[in-house]
Amino acid sequence: MSRSHFIICLLVLAVVLAGCAAPKATPTPTPTAAPAQAPTSAPPTAAPTEAPTQPAGPQPVRGGTLVVSHGRNVADTLNQHTSIYTVSRMVARHVLDTLVAVNPADGSIHPCLATSWEISPDGRVYTFKLRQGVKFHDGTPFNAQAVKFNFDYTVRPDIRHGFAWSAIGGENYEKCEVVDDYTVKIYFKEPNSAFLISLSDGGLGIDSPTAMQQAGDDYGVKVLVGTGPFKFKEWVKDDHTTLVRNDEYNWAPEFFKHQGPPYLDEIIYRDVQDVATRVAALEAGELHVATVTEPFVAQLRANKDLQIVTTPKAGTSRMFTMNLGKPPTDDIRVRRAINHAINKEALLQLPAWSGIGKVAIAPLPSNMVPNGDLSSLKPYDYEYDPEKAKALLEEAGWKVGADGIREKDGQKLVLDMVTTATSVPQVEPIEQMLREVGIKMNIRTGDFNFWIAECEKGNYNITLMSDSGYNALFLLEEFWLSTSAGNWQAYKNPVVDEQLAKMRAATNQEDYWKAAFAVMAETMKDAQGVNAWEQQYIYGVSAKVRDIGFNEIGFPFFYDTWIEK
């Protein structure tokens with residue numbers, strides 16, 4: 001499944017709409033049972049930009065170990081109730097089934113652990129009928145009590161609230177009610193237009209209550225138990241994560257190529273954080289699938305034993321977000337100057353990009369909005385204009401010093417940039433561009449945990465930021481809702497909060513997207529960050545690997561995958 005022209009399809013039914021797709025309204029919600037047309041839709045996926053060309057004939061064979069590396073595969077925990085790391089969700093998704101699942105080919109929502117669902121006319125109550133006869137990997141029965149346990153755990157006040165808390169609805173979530181052994185009702189205080197879409201993400205996978213209670217703090221570290229096609233074997237921090245086939249699996253969503261257990265014996269996710277080392281391991285046959293970066297694409301294309309697959313990232317644009325709570329980025333003139341100082345067109349031609357990607361206009365990339373049309377936001381974008389940048393800085397009182405760096409009240413104009421070590425190649429060119437207008441950037445690097453900790457404390461001026469997903473409401477709320485746990489940049493705009501509320505309550509595509517575009521326009525007028533580029537994921541894949549699927553946010557999913565002997 002690939003995504004060369006990943007266009008948002010305007011599909012959604014019932015009285016609510018999916019967070020990242022525009023809805024096709026219907027008068028009333030109806031029950032669904034393995035529907036041909038699902039009650040709501042996510043962004044459809046097209047083919048990868050460069051899809052593997054595989055000869056007809058060979059049939060899937062069972063067996064083999066697939067070795068994969070996304071760099072650092074698990075940075076915090078595999079407990080998705082508390083994890084905030086996207087790649088961790090993609091690993092855990094092989095172990096944890098979800099209530100519903102997105103077909104990446106057309107964005108439709110299909111049954112998984114839920115067989116059908118209804119949505120109340122006011123959009124506040126979701127009723128799910130659950131699949132019977134399913135057991136967790138530890139033998140615990142899957143039922144309504146298990147679903148309630150998971151939802152109750154996610155909103156516990158004594159745990160770290162990460163992606164799952166936001167995806168479940170955050171403060172809008174009210175309760176989960178067991179109707180009978182295989183029926184649950186989920187209640188929200190206000191309409192939750194993105195809930196079905198969020199449910200398909202691995203962050204809301206269903207864990208075994210037994211395993212969670214017995215493992216305690218070790219859950220997600222030494223133990224992970226779901227109902228999915230693979231079982232968790234071990235996670236050795238900073239080294240590898242191993243999953244093995246679940247021979248009992250027989251309830252895959254209907255859009256997969258086969259039913260029953262997966263073909264692979266096991267998947268080993270190796271932590272190979274250095275991309276050059278990762279590419280060398282791929283070429284040596286030590287890895288079968290690896291995320292790679294732009295500077296290595298030409299090298300891998302020349303290798304006949306490998307394939308390159310690129311796919312537009314579902315999520316936000318790559319953004320240099322700025323902290324409004326810390327000088328000097330608390331001054332909008334400085335933030336606007338930074339925007340005018342950065343030549344986004346030139347960036348994409350540098351080795352760190354190698355021409356892969358697209359200049360961004362808005363917080364959401366073109367592949368995440370209806371018809372890919374961001375033209376109405378173009379007036380709020382900042383053209384490359386160093387002279388205008390200099391004039392804004394002069395207006396703000398920053399004068400050029402003897403060393404070329406601007407000064408004000410005895411202080412140098414220095415931006416504290418915090419980032420991960422792997423992002424440095426895409427940060428250093430920004431430093432050079434800002435230096436030309438008299439701004440110095442102090443780059444502080446570390447691992448993922450260092451970066452997260454500094455951002456959470458607000459101990460930075462600027463950082464390279466983005467998130468993955470296909471839920472526009474969640475993504476916009478995550479960064480710009482004034483009360484969001486992910487709003488590390490101290491951004492507060494009552495108009496944005498109001499428009500986000502309209503998105504949540506919208507019952508038709510026109511109102512939903514009108515509010516979404518209003519949110520983006522406000523953040524752009526506030527120069528909250530630099531919307532730098534629309535990213536593409538790049539994968540190097542062994543020619544022997546067949547039928548890699550890509551989920552709706554562009555990450556590989558290996559249920560159908562097999563290795564040619």
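1. Strands β4 and β5 (residues 125–130) form an antiparallel pair held over five bridges. Within this pairing, alanine 114 sits opposite leucine 130 of β5. The model is a predicted one, and the points below should be read as comments on that prediction.

2. The β4/β5 pair belongs to an open sheet of four strands, ordered β4-β5-β7-β6, with antiparallel pairing. The edges are taken by β4 (114–119) and β6 (173–180); each has a single partner strand, so one side of each lacks a neighbour in the sheet. On average, and with direction ignored, neighbouring strands here are turned by 20° against each other. As background, strands of a sheet pair through backbone hydrogen bonds, in either a parallel or an antiparallel sense.

3. Helix α2 (residues 144–154) packs on this sheet, where it touches β5, β6 and β7 (183–188). The direction of α2 makes about 170° with that of β6. At the N-terminal end, α2 is capped by asparagine 143, which has a side-chain oxygen 3.2 Å from the backbone nitrogen of glutamine 145.

4. Which residues of α2 are buried? They are Ala144, Ala146, Val147, Asn150, Phe151, Tyr153 and Thr154. These buried residues pack against β5, β6 and β7, and also against the helices α3 (163–167), α4 and α5. In general, an α-helix has 3.6 residues a turn, so residues three or four places apart point the same way.

5. On charged pairs, the count for the model is 31 salt bridges. One of them joins the side chains of arginine 89 and aspartate 201, at 2.8 Å from N to O.

6. Another salt bridge connects the side chains of aspartate 381 and lysine 378, at 3.6 Å from N to O. Are the two partners buried or exposed? Aspartate 381 has a relative accessibility of 14% and therefore counts as buried. Lysine 378 has a relative accessible area of 48% and is partly exposed.

7. Arginine 444 and aspartate 416 also meet through their side chains in a salt bridge, at 2.8 Å from N to O. This pair links distant parts of the chain: arginine 444 is in strand β19 (residues 440–446) and aspartate 416 is in strand β18 (residues 414–420), 28 residues apart. Arginine 444 is partly exposed, with a relative accessible area of 21%, and the cut-off for buried is under 20%. Aspartate 416, at 11% relative accessibility, counts as buried.

8. Some totals for the whole protein follow. The secondary structure comprises 15 helices and 26 strands. Of the 565 residues, 62% count as buried. Among contacts with a separation of 6 or more, 70% are between residues 24 or more positions apart. The accessible surface comes to about 20,700 Å², and carbon and sulfur atoms account for 50% of that surface.

Terms used. Residues are numbered from 1 along each chain as its sequence is written. This is a predicted model: local features need pLDDT of at least 70, side-chain atom pairs count only at pLDDT 80 or more; totals for chains, interfaces and linings use all residues. Side-chain values use heavy atoms; hydrogens and water are left out. Helices (H or I, at least four residues) and strands (E, at least two) are DSSP runs, numbered from the N terminus. Buried means under 20% relative accessible area, exposed over 50%, partly exposed in between (1.4 Å probe, protein chains only). Contact means heavy atoms within 4.5 Å. Accessible areas come from the Shrake-Rupley method with a 1.4 Å probe; for residues, only the protein chains shown count as cover. A salt bridge is a side-chain nitrogen of Lys or Arg within 4 Å of a carboxyl oxygen of Asp or Glu. Two strands pair if DSSP finds at least two bridges between them. Axes are lines fitted to C-alpha atoms, for helices over the stretch in contact, and angles run from 0 to 180 degrees between N-to-C directions. A polar contact is a pair of N or O atoms within 3.5 Å; within protein, one must be able to donate a hydrogen and the other to accept it, and residues adjacent in sequence count only if both atoms are side-chain atoms.
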